[in-house]
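Let's go through this one as a set of questions and answers. Have a look at the model first.

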Amino acid sequence: MFDKDWSHENRLLCGAVVMALAIGAAALSVDAETRSGTPSEVAVSRDLRDRPAGNRGPIDPESAGFARRFGVDVDLAVVIHEQAKIAGVEPALVFGLIAAESGFDPWAVGRHGERGLLQIKPSTARAYDRRITPEMLHDPEINVELGLRHLKREVEYFGDPSLGLMSYHMGRARLKRALADGSLPANRYVERVLSSCGRDCA
């Protein structure tokens, strides 16, 4: 629960509503945590085996700016920026989310098997595409694409950007239990993400 900090955080989160968090036209029916229903397959950018190396054109200034701002490799910033634009999510929010989840380490592995930049569980990834292997989640392009699909699904499910971010971080089932109890977990995750992305999320 956010107790006395909740109203302050709410003010921060109001800014999230104006972000270009485009929600899909229809909700995906599968809950990746409970694994209920039939997994919906979506097209992944491309298989790791098919990806050409070093074939990018000129780097756009905005990607270069994010690379400097977050202290990451320019090529990685380009991938993140491109996937954010494709997903219709404010790029600064995506960079802030990755900073909070993995510190921009594509090889990061969490305590519960979460992998890559956006710390996706293999079971969650396979709810979107059955072909995904744990190793593929260390590919930045695949990881960010699937992570943003999952984030958008959670935002759509709860109908609120702040709750969507919390659900992404702690899991839908756990968040629903907390809401049913009339409380929210006492963590600063959402505030951390929004402060990481700075004025773009204000």
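Q: Is Arg-149 buried, partly exposed or exposed?
A: Buried means under 20% relative accessible area, exposed over 50%, and partly exposed in between (1.4 Å probe, protein chains only). Arg-149 has 34% relative accessibility, so the label it gets is partly exposed.

Q: What are the ground rules for this model, and how are its residues numbered?
A: It's a predicted model, where local features need pLDDT of at least 70, side-chain atom pairs count only at pLDDT 80 or more, and totals for chains, interfaces and linings use all residues. Side-chain values use heavy atoms, with hydrogens and water left out, and residues are numbered from 1 along each chain as its sequence is written.

Q: How many helices are there in the protein chain?
A: Helices (H or I, at least four residues) and strands (E, at least two) are DSSP runs, numbered from the N terminus. Read from the N terminus on, the elements go α-α-α-α-α-α-α-α-α. The strand count is 0, and the number of helices is 9.

Q: What share of the 202 residues in the protein chain is buried?
A: The accessible surface comes to about 10000 Å², with 52% of it belonging to carbon and sulfur atoms (Shrake-Rupley method, 1.4 Å probe; for residues, only the protein chains shown count as cover). As for the residues themselves, the buried share is 48%.

Q: Which residues are joined with Glu-154 into one network?
A: Glu-154 meets Arg-153 in a salt bridge at 2.8 Å, N to O, and Arg-172 in another at 2.9 Å. Since Glu-154 is in helix H6 and Arg-172 in helix H8 (residues 172-180), the latter pair ties together parts 18 residues apart in sequence. Through shared partners, the salt bridges join Glu-154 into one network with Arg-153 and Arg-172.

Q: Which residues is Lys-176 in contact with, leaving aside neighbours within four places in sequence?
A: Lys-176 is in helix H8 and is partly exposed, at 40% relative accessible area. Contact means heavy atoms within 4.5 Å. On that rule, the residues are Tyr-157 and Phe-158.

Q: How are H6 and H7 oriented to each other?
A: H6 and helix H7 (residues 161-170) pack at an angle of about 130°, with axes 7 Å apart. Axes are lines fitted to C-alpha atoms, for helices over the stretch in contact, and angles run from 0 to 180 degrees between N-to-C directions. Angles under 35 degrees count as roughly parallel, over 145 as roughly antiparallel, 65 to 115 as roughly perpendicular and the rest as oblique. H6 and H7 are therefore oblique.

Note on methods. A salt bridge is a side-chain nitrogen of Lys or Arg within 4 Å of a carboxyl oxygen of Asp or Glu.
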